[in-house]
Amino acid sequence: MTTTAVTTPASGPVPGAAPELRVERLSIRFGQGESLNRVLEGLELSVAAGEFISIVGPSGVGKTTLLRCLSGLVQPTEGQVYVRGEAIKEPHPAVGVIFQDYSRSLLPWMTTAENIAFPLEGRFDKKERVARAEAALSSVGLAGQGRKYPWEMSGGMQQRVAIARGLAYEAKILLMDEPFASVDAQTRLNLEDLVADLQEKLGLTVVLVTHDIDEALYLSDRVVVLAGKPAAVVETLDTNFGDHRDQAATKSDPRFGEARTKILGILGH
Amino acid sequence: MSTFTIPITRPGARARLSRRARLILIRLGLVVVVLGVWELLWLVHAFPKQVPDPIAVIVAIVRLLIAAVFWNALGQTLFGALIGWLVAAAIGIVLGVAIGTSGFLTRSVEVVLEFGRSFPVIALMPMVVLVIGVNPRMEVFMVALSCCWPILIQAIAGSRRQDQALVDMSRVFRISRARRFRRVTIPGALPFITTGLRVALSIALLVDVGVGVLSQTPGIGRNISLSQDAGRWDVAFAYILLIGLVGWGVNWLVRLIERRALRWARQEA
Amino acid sequence: MGILRKSVERLWLVVVLIVLWWFASAGSTSIFYPSLDTIVSTLWTDLASGLLIGYLGFSLGNLLAGLALALILGIGLGLLIGEIRWLGEAVEPFVDFLRSIPQVAIIPLIIGTFGLDAGPKIYSIAAGCIFPILLNTIDGVRGIEPTVRRFGKVYRISGPRYFRKVVLPGALPQIMAGVRVALPIGITVMVVSELYAARMGIGFYILNSSSTFHLTETWAGAVLVGIVGYLISIIFNLIERGSLRWYFKSGATTK
């Protein structure tokens, strides 16, 4: 795409490097003949390493389906998903997923520390797993909460545990499916900042699916708007309000408002 | 700066106490009324001669509680029920969990299960007595055959149940099938299995008494039938009420253990 | 095609088991384990001669009557106990206790009390069936959405109409669950009540033939009981699905 004359910031996409995630001619269709349901058709998408992109669009357009393809949980009807250059047929080890319904993805019979260490079983011994779980808990601000059970914690805390699980797993690519939809507004802001922080510190690549446009604009380097049936990328916006984001300042930046208006317009409001 | 407190009264401790007291009074009242009516009707010979004097029943209960013959019989009945239940549990859980892992097998056994659970196993008594004889083996056989169905059905349901979120999570984090079975499927099935075990225990007790009544194997059942033959209906009634109490107590105990052991299960949706 | 496949999936195991039984027992000379061949032919003979049909009629008639009694009393009492709070609270522990009394032990009591004909058997069956129905009715009534009740109050629906149109349908799913539990109990009590003291009926058929060492008949009787029990549960499933169509469609589930 375009090269920038300004020095690249510490975080954010490295121009010219191979894309971390790539989607080629992706099509998802269900059913046949009369009952053919074309959800996605010929979608193309590219995410660079270290980039934070959001996918927004009306409810039911296929954002979650797209994410499930990226995560390897669903095979496309046509086309291919490439993670770090490899065509995937199943979940890639560098990919972690944060689900919308955190309470159902955390095992209630395990403590939070055990939940976080669970994906590491078979790969590291107990001592190592415990250490990694502790570290992960600290990075999401839940140090010392390892012995609690998920159901003893609030929604926001549970989602942090889910994030910690991805971190301990050393996922380099984080796919998030409306992760903050089920928490209250205040907690949402805290979690948004947490994710932004982690992404910057660890150089993660993040794909966030959300219906919250403000959230998308606030967190991402690029916002992809999906609309129509079959869904297609109708617009891609590079966010241009600087890398340092702050809940108050950024959201009152006039450029933020312009971007928001533009997207709302596309989505028909 | 002065602070003031708004006096808020809880539905006062005093009001609560009188509510509880009222409840207990009503219950006592009901008991007295029922017993009183029974006694009155008995005194005027409104019942056929087999229905005993409630006072005689109460006396019989007290007498039984201090008689070795009761406790011996209780021990035998509990033992027989327990062994049969354990056999059923071993077979039911192993078979059930195995069947549950395959959708095909689950559908295949549906008809057989429906047949088995509605089959009056005790109807086989005459035949079983002829073939196996009147001995502990027959007792265990009858009990096990009667109470294996709820265990089997529940074990299948428990191992069948696959929360989509957990399946997705296991796939994303690339958790091996064996590990997923051990750490996700089995614990998830436990609440179902324990329900089946609890129901089966009640059935085991009932069936053991029934077997005793019909075949005179030593135990409560036999004592009930002997009392009836001797015309001591008050003693028979007393036995029945006492075994009812035992059954209720066992059930209560199992529920307590279940709740403790599966603290996390109550939190699930 | 889908239906054919589904049917095969559900039936293959049953067919296989029957075939295995047939061949394993063929040509058996043991009195204890007659061949499936002879069992079936005996069953057929006794059915054709009308003997078993008569017995079945007697037994099933009792079952139906007992069930009806249990339904009327159980639902009636259950509605009252469920609706009237203080009554429900007061009575709960007793009802819970009575449920754990072994029904099989009650039978000889009731039969010995009343004698040998159809009368007591109906009461035994009713006594066995009433508790699951009663308890589930209470649960069902209590479980009705409070908004539904408030609607009843606001529109001033009261009395018998309230019960018939609001409470009863609302509690119906749970009541049906109770009937489902009561059915095998009823069938068991039906058979056992005839084992103990009877002159006709399927239970009598089983006991009588076993005490006269005509074990083929005993097996035939057991097989018949199994088939009848299975058919009853199938019929019940259909009834349940029909009467609760709105419930299933709405996607709710009983606990």
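A residue is buried if 20 or more other C-beta atoms lie within 10 Å of its own, exposed if 12 or fewer, and partly exposed in between, with C-beta atoms placed from the backbone. Keep this rule at hand for the exercises below.

This is a predicted model, in which local features need pLDDT of at least 70, side-chain atom pairs count only at pLDDT 80 or more, and totals for chains, interfaces and linings use all residues. Residues are numbered from 1 along each chain as its sequence is written, while chains are lettered from A and ligands numbered from 1 in the order in which they are written.

**Exercise 1. Describe chain C: how many helices and strands does its secondary structure have, and what percentage of its residues is buried?**

Step 1. Helices (H or I, at least four residues) and strands (E, at least two) are DSSP runs, numbered from the N terminus. By that count, chain C has eleven helices and zero strands.

Step 2. Now apply the burial rule: of the 255 residues in chain C, 38% are buried.

Step 3. Two residues are in contact if their C-beta atoms, placed from the backbone, lie within 7 Å. Taking contacts in chain C between residues at least 6 apart in sequence, 73% join residues at least 24 apart.

**Exercise 2. Find out which helix of chain C gives the largest share of the side that touches chain B.**

Step 1. Start with the totals: 44 residues of chain C are in contact with 46 residues of chain B.

Step 2. Several helices of chain C each supply at least two residues to this side, among them H1 (2-25), H5 (103-114) and H10 (215-243). The largest share, nine residues, comes from H5(C).

Step 3. Sort the residues by class, where Ala, Val, Leu, Ile, Met, Phe, Trp, Tyr, Cys and Pro count as nonpolar, Asp, Glu, Lys and Arg as charged, and the others, Gly among them, as polar. The side of chain C that touches chain B then has 28 nonpolar, twelve polar and four charged residues.

**Exercise 3. Work out which elements of chain B give two or more residues to the side that touches chain A.**

Step 1. Here 18 residues of chain B are in contact with 20 residues of chain A.

Step 2. The elements to look for are helix H7 (164-172) and helix H8 (177-215) of chain B. H7(B) gives the largest share, six residues.

Step 3. By class, this side of chain B has nine nonpolar, two polar and seven charged residues.

**Exercise 4. Is Arg84(A) buried, exposed or partly exposed?**

Step 1. Locate Arg84(A) in the loop between S4 and S5 of chain A. S4 and S5 form a hairpin with two residues between the strands, and two bridges join these antiparallel strands.

Step 2. Arg84(A) has 18 other C-beta atoms within 10 Å, so Arg84(A) is partly exposed. Its phi is positive, near 55°, though Arg84(A) is not a glycine.

Step 3. Compare Arg25(A), which sits in strand S1 of chain A. Arg25(A) also has a positive phi, of about 45°, and counts as exposed with 12 other C-beta atoms within 10 Å.

**Exercise 5. Which residues touch the most other members of the largest nonpolar core?**

Step 1. A nonpolar core is a set of buried Ala, Val, Leu, Ile, Met, Phe, Trp, Tyr and Cys residues joined through C-beta atoms within 7 Å.

Step 2. The largest core has 108 residues, and those touching the most other members are Ala123(B), Cys147(B), Ile151(B) and Ala204(B). H8(B) gives the largest share, 15 residues.

Step 3. Beyond its neighbours within four places in sequence, Ala204(B) is in contact with residues including Trp85(B) and Cys147(B).

Terms used: Two strands pair if DSSP finds at least two bridges between them.
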